[in-house]
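Me: Please take a close look at the contact between the two chains. I would like one connected account of what each side brings to it and how the copies are arranged.

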2 protein chains.
Amino acid sequence: MNLKVVAFDADDTLFVNEPYFQETEEKFCALMQDYLSHQGLSQELFKTEIANLDLYGYGIKGYTLSMIEAAITLSNHTLSVETIEKIIQYGKELLQKPIELLEGVEETLQALHGKYKLIVATKGDLKDQQRKLHDSGLGHYFHHIEVMADKQVVNYEKLLKRLEINADEFFMIGNSLKSDVLPVLALGGYAVHVPYHTNWEHEKIAHQVVHPNFRTLNKITEVIPILVQ
Amino acid sequence: MNLKVVAFDADDTLFVNEPYFQETEEKFCALMQDYLSHQGLSQELFKTEIANLDLYGYGIKGYTLSMIEAAITLSNHTLSVETIEKIIQYGKELLQKPIELLEGVEETLQALHGKYKLIVATKGDLKDQQRKLHDSGLGHYFHHIEVMADKQVVNYEKLLKRLEINADEFFMIGNSLKSDVLPVLALGGYAVHVPYHTNWEHEKIAHQVVHPNFRTLNKITEVIPILVQ
C-alpha cells in the first residue's frame with residue numbers, strides 16, 4: 001500500500017451517535033402513542049425521512065423537520081402545537097448530546113498520527129459534525145474534517161479530487177458497509193469495517209463483502225498493525 | 001500577488017439567493033398577518049433565527065425550523081397545523097428554487113479558468129449548496145466547493161489549512177463585506193467586494209473598508225484585469 005490519506009467515519013466509528021437517534025425515536029413514539037403502535041410510528045417516520053432525503057440530506061435538522069411532518073400526517077392533521085414544540089425541542093437536545101468516544105479510538109489515532117494525513121469523512125449537518133469533532137477533543141489528530149452530502153461513489157470521487165490523491169492512496173475506516181466500505185472499494189481504495197452494535201435501517205446491506213482491499217475488524221485498534229509496520 | 005486559489009462566494013455572488021429568502025419572508029408575513037404587523041413579524045423571525053444560529057448554523061433547514069418556532073411564539077401557541085404545514089412547504093420550495101446566474105459570472109469564470117485553482121467558498125446547507133452549484137452549470141469551472149459552517153476568521157483559517165496555502169496566496173470574491181472581505185483581510189489575504197442590491201440584515205456592517213489588499217468592484221467582470229495580465 002502507498003497510502004497518503006486515512007479517513008475515519010465519525011458517527012458510531014469515533015463516537016456514539018445512532019443510540020441518540022434511537023433514544024429520540026423512542027421519545028417520538030411515546031409522544032405519539034395515542035395514534036398508532038410503536039412499529040407503525042417508526043415506519044411512518046422512516047418513510048418520511050427517506051422521502052425527504054433528496055431534499056434535506058442527512059443530519060438532525062432534516063430529521064427534526066421529518067419528525068414534525070410525520071407527526072402531522074400520523075395525527076391526520078389534528079396535532080397540538082405543544083406536540084410540535086416538543087419535537088423541535090427533541091431536535092435541539094439531539095444537537096447538544098454529549099460526546100462519548102468509542103473504545104480504542106484515541107489509541108488508534110495516537111498510533112497513526114504523523115504517519116498519514118488523517119481526516120474525518122462524515123455526512124450529516126456541517127455545523128453539528130464540526131461541533132461534535134471539536135467537543136470530542138480529537139480535533140488535533142486530524143488534518144481536517146470533510147462533511148459529505150452523501151457517501152456514494154460520486155461523493156468519494158469528489159473527495160479524492162479535493163484531496164488530490166488517487167483511490168489507491170486512500171484508506172477508509174467506518175462502521176457502515178454501505179457508506180464507508182462499498183463505494184471506496186468500487187473506486188479502488190482500501191477500507192476496513194469496524195461494526196457497531198446498532199445500525200440505522202438505511203445503512204444495512206444484505207450481502208457479505210469479500211474483496212482483497214477489505215477486512216472486517218473486531219476492534220478499531222486492529223487497524224494499527226495493518227497501517228503501522 | 002502570488003495567488004494559488006481564487007474563491008467565489010456563491011449566494012448573491014454567483015447566483016440569486018437573498019431575494020428568494022425575502023420572498024419567503026413575505027409569504028411568512030402574509031400567512032401570519034392576523035397576529036402582528038409585517039415589521040413585528042419580521043423582527044420576531046430574525047430574533048428567532050439569530051437565537052438558533054449557534055445550534056442550527058446557516059441554511060434553509062434551520063431557517064424553516066426557526067419560522068415554525070417563531071410562528072408558534074407569535075400565535076401565543078394557538079397556531080393551526082395547516083399553518084405549520086404551509087411553512088414546511090415554503091422551506092421545501094426554497095430548496096428547489098431555480099438558479100439564476102448573475103451578470104458577468106460566466107465571463108469571469110471563463111477568463112480565470114486554468115489560471116488559478118478556482119473554488120466556491122460558501123455557507124449554508126451542504127446538500128443545498130451542492131445542488132445549486134450543480135444546477136447552475138458552473139461546476140466544471142471549479143476545482144471543488146467548500147461549504148463552511150460560518151465565515152469568520154477561524155473558519156477561513158481552517159479553509160487555508162485544508163487547501164494547504166498561505167493567506168497571501170488566497171483571493172476571495174463576494175458580496176458580503178462582513179463574511180467575504182473582513183476575515184480574509186484580517187488573515188493577510190486578498191478580497192474584492194461585488195455589492196448586490198440587497199443584503200441580509202445579519203450581513204451588514206456600518207463602517208467603510210479601506211485596505212491595500214481590498215477593492216470594491218461595480219461588476220464581477222472587473223476582477224478579470226486584476227487577476228489576468
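Reply: Buried area is the accessible area, taken with a 1.4 Å probe, that two parts lose on being put together, summed over both. In this predicted model, chain A and chain B bury about 3,700 Å² between them, and 62% of that area lies on carbon and sulfur atoms. On the side of chain A, the residues that lose the most area to chain B are A:Leu55, A:Lys61 and A:Lys127, which together make up 17% of what that side buries. The contact draws 42 residues from chain A and 42 residues from chain B.

The side of chain A that touches chain B takes at least two residues from each of α2 (38–56), α3 (60–74), α4 (81–94), α6 (126–136), β3 (144–148) and α7 (153–163). Of these, α3(A) gives the most, with 7 residues. By residue class, that side of chain A divides into 18 nonpolar, 11 polar and 13 charged. Across the interface there are 6 salt bridges. One of them joins B:Glu69 to A:Lys92, with the closest N and O atoms 2.9 Å apart.

As for the arrangement, a rotation of 180° with 0.0 Å of shift along its axis superposes chain A on chain B, at an RMSD of 0.0 Å. The two copies are therefore related as by a two-fold rotation axis. In chain A, the C-alpha nearest that axis belongs to A:Lys61, 3.0 Å from it. Both copies use the same surface: 100% of the contact residues of chain A recur in chain B.

Note on methods. Residues are numbered from 1 along each chain as its sequence is written. Chains are lettered from A and ligands numbered from 1 in the order in which they are written. This is a predicted model: local features need pLDDT of at least 70, side-chain atom pairs count only at pLDDT 80 or more; totals for chains, interfaces and linings use all residues. Side-chain values use heavy atoms; hydrogens and water are left out. Contact means heavy atoms within 4.5 Å. A salt bridge is a side-chain nitrogen of Lys or Arg within 4 Å of a carboxyl oxygen of Asp or Glu. Helices (H or I, at least four residues) and strands (E, at least two) are DSSP runs, numbered from the N terminus. Ala, Val, Leu, Ile, Met, Phe, Trp, Tyr, Cys and Pro count as nonpolar, Asp, Glu, Lys and Arg as charged, and the others, Gly among them, as polar. Copies are superposed by least squares on the C-alpha atoms of residues with pLDDT of at least 70 in both.
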